[in-house]
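Let's take a quick tour of a protein model. Have the sequence and the 3D view ready, and follow along one topic at a time.

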Amino acid sequence: INLVIPQSNGYDVEFCWNGQEYELVVDMSFWEQPYPIESFVDKIAQQYAGEVIIGESQKIGFQPIKYQQNNDGSNTLVLERWNQKTS
């Protein structure tokens with residue numbers, strides 16, 4: 001599945017699946033987003049890291065209770081896990 005972000009100039013931003021991972025496909029000379037491409041890629045990586053942390057933490061019994069974006073651009077993630085006492 002490819003993901004497309006349309007741009008008004010017709011030169012869309014695409015994420016193409018190569019069978020193992022997504023590749024960003026964009027002609028940087030036609031970039032029409034309000035932020036530099038480097039910031040865009042950094043933000044995607046940051047969001048992906050948060051999703052991976054949540055997914056892996058849930059596998060070992062943690063649940064996310066707070067996910068907050070801070071003013072400095074960082075994210076705060078709070079997880080909790082309750083001990084299960086067996087009788």
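What volume does the largest pocket have? In this predicted model, the largest pocket comes to about 280 Å³. Here's a rundown of what lines that pocket, and of the helix and strands around the model.

**The pocket**
- Eight residues make up the lining: L3, F15, Y22, L24, V41, I44, A45 and Y48.
- Sorted by class, that's eight nonpolar residues, with no polar and no charged ones.
- Helix 1 gives the most, with four residues.

- Helix 1 runs for 23 residues.
- From its first C-alpha to its last, helix 1 reaches 33 Å, close to the 33 Å expected at 1.5 Å a residue.
- Which residues of helix 1 are buried? They are I37, F40, G50, I54 and S57.
- Those buried residues pack against strand 1 (3–5), strand 2, strand 3, strand 4 (63–69) and strand 5 (75–80).
- After helix 1 comes G61, and its phi is positive, near 95°.

**The hairpin**
- Strand 2 (residues 13–17) pairs with strand 3 in the antiparallel sense, over four bridges.
- Together, strand 2 and strand 3 form a hairpin with four residues between them.
- In the turn sits G19, with a positive phi of about 105°.

How values were computed:
Residues are numbered from 1 along each chain as its sequence is written. This is a predicted model: local features need pLDDT of at least 70, side-chain atom pairs count only at pLDDT 80 or more; totals for chains, interfaces and linings use all residues. Side-chain values use heavy atoms; hydrogens and water are left out. On a 1 Å grid over the protein atoms alone, a cavity is a set of points where a 1.4 Å probe fits but cannot get out, and a pocket is an open set with protein on both sides within 12 Å along at least five of seven lines; lining residues have an atom within 4 Å of a point. Grid points are joined across faces, edges and corners, and a volume is the space filled by probe spheres set on the points. Helices (H or I, at least four residues) and strands (E, at least two) are DSSP runs, numbered from the N terminus. Ala, Val, Leu, Ile, Met, Phe, Trp, Tyr, Cys and Pro count as nonpolar, Asp, Glu, Lys and Arg as charged, and the others, Gly among them, as polar. Two strands pair if DSSP finds at least two bridges between them. The expected span of a helix is 1.5 Å times one less than its number of residues. Buried means under 20% relative accessible area, exposed over 50%, partly exposed in between (1.4 Å probe, protein chains only). Contact means heavy atoms within 4.5 Å.
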